[in-house]
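Hi,

Here is the structure I promised to pass on. Have a look at it first, and then read my notes below.

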Amino acid sequence: EGWRYDVVGANEDGTVGDDESDGDGGDRDLADVNYALDSMINRAEFEYKGVVFSEMKGAYSDPEGLIDRISQTLLFPDNSYRFDSGGDPAVIPTLTRDEFVSFYKKYYHPTNSRLFVAGDESDVYHALSQADRYMSPMGYNPESRKDSAIVYQKRTFHKPVFERRPYAAAPGEGDSGFMLCITWLLNTQPTTSMMQLAWIVLDSLLLGKPSSPLTKALEDSNLGESTIGGGLDDTLLQSTFSIGM
C-alpha cells in the first residue's frame, strides 16, 4: 500500500464523532445511511496514511539518510539512481493508480527477473520445472528489460555542485545543528576486481578504526562531533565515497 486518505480521529467502524443511531437497535434504511455518510464527510478532516508513506516519512526524518539521498540525486542526474526507490513522501501522494498499474505492467515481468535456487540436484530441477510452468504462459517481453537497464553516469560536472537543505532537528537542538558531507563518484565504467579490492582496502585503512588517519584527523579537527558519510559505497553499479561531519 503506497498511500491512502484516512479520516482524522475516526472510530473503528469508520464513523466520526458520537454514534448518531436512534438507540433502539433497529436497522437504518438507505437514506439514513447516505445522510450519515454525507454528514461524516462534511465534518471529517483527512490525512495521508499508508505503509510505504509512513516508512518513508520516517526515513526522511533521519538527517544522515537525507544527506545520502540528496547526494545520490546530485551524483546521478542522468540515470535511474537519481530517484529514491522508496519514494519521496512529498511526492508519493501524487502517484495515481493508472501510473502505478502502467509501471507494474511495463517492468514487473519474468523477462526482467532473476531466479535463484538452492539445494541438491533434485531440488533445482523441481524448482526450475515449477518456475517454467508459472512463467512460460507470460511470454517474453524484451522491452521490460531494455527500458530498465541502468546506464553508467558520466562525469558531467566541471566544478563541485553544492546543495543546502533543512532537516528535522532533535528536540532542544534548535538552529545549532549542521551537517556537511562531500561525495565523490569513483567510476564511470566497469572496474576490475583488483580495483574494487583496492578501494575496499583503502576505505578500511582511512576509516576502518577510530585511530585510522582520516577518521582521527576529522575527529581531532573540532569541526564537528563525529564523522558521517560512511566512506565507500559499492552497492550500486557505480561506487561512491562520502565523508563529512
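**What I found**

Lys216 is partly exposed, at 43% relative accessibility. Its partner is Asp220: the two form a salt bridge, with the closest N and O atoms 3.0 Å apart. Asp220 is partly exposed as well, at 49%.

Before going further, please keep in mind that this is a predicted model. The average pLDDT of the protein is 82, and 80% of the residues reach at least 70. Among the elements, H7 has the highest mean pLDDT (96), while helix H1 (residues 30-43) has the lowest (59). Over residues 20-25 the pLDDT stays under 50, and the model has four contacts beyond four places in sequence for that stretch.

The structure holds four salt bridges, including the one between Lys216 and Asp220. Another joins the side chains of Asp84 and Arg69, at 2.7 Å from N to O. That pair links distant parts of the chain: Arg69 belongs to helix H3, Asp84 lies in the loop between H3 and helix H4 (97-107), and the two are 15 residues apart. Asp84 counts as partly exposed at 25% relative accessibility, and Arg69 is partly exposed with a relative accessible area of 25%.

Then there is Lys146 with Glu143, whose side chains meet at 3.1 Å, N to O. Both sit in helix H6 (residues 142-146), and because they are three residues apart there, about one helical turn separates them. Lys146 counts as exposed, at 54% relative accessibility, whereas Glu143 is partly exposed at 39%.

**The sheet**

Which order do the three strands of the open sheet take? They run S3-S5-S4, with antiparallel pairing. Strands S3 (181-185) and S4 (228-233) are at the edges with a single partner strand each, so one side of each has no neighbour in the sheet. On average, neighbouring strands are turned by 15° against each other, ignoring direction.

S4 and strand S5 (residues 240-244) pair over four bridges, and they make a hairpin with six residues between them. Within this pairing, Ile228 stands opposite Gly244 in S5.

Two helices to look at here: helix H3 (residues 63-75) packs on the sheet and touches S3, S4 and S5, its direction making about 35° with that of S3. Helix H7 (residues 193-207) also packs on the sheet, touching S4 and S5, and its direction makes about 155° with that of S4.

Cheers

Methods. Residues are numbered from 1 along each chain as its sequence is written. Side-chain values use heavy atoms; hydrogens and water are left out. Two strands pair if DSSP finds at least two bridges between them. Axes are lines fitted to C-alpha atoms, for helices over the stretch in contact, and angles run from 0 to 180 degrees between N-to-C directions. Contact means heavy atoms within 4.5 Å. pLDDT is the predictor's confidence in each residue, from 0 to 100. Buried means under 20% relative accessible area, exposed over 50%, partly exposed in between (1.4 Å probe, protein chains only).
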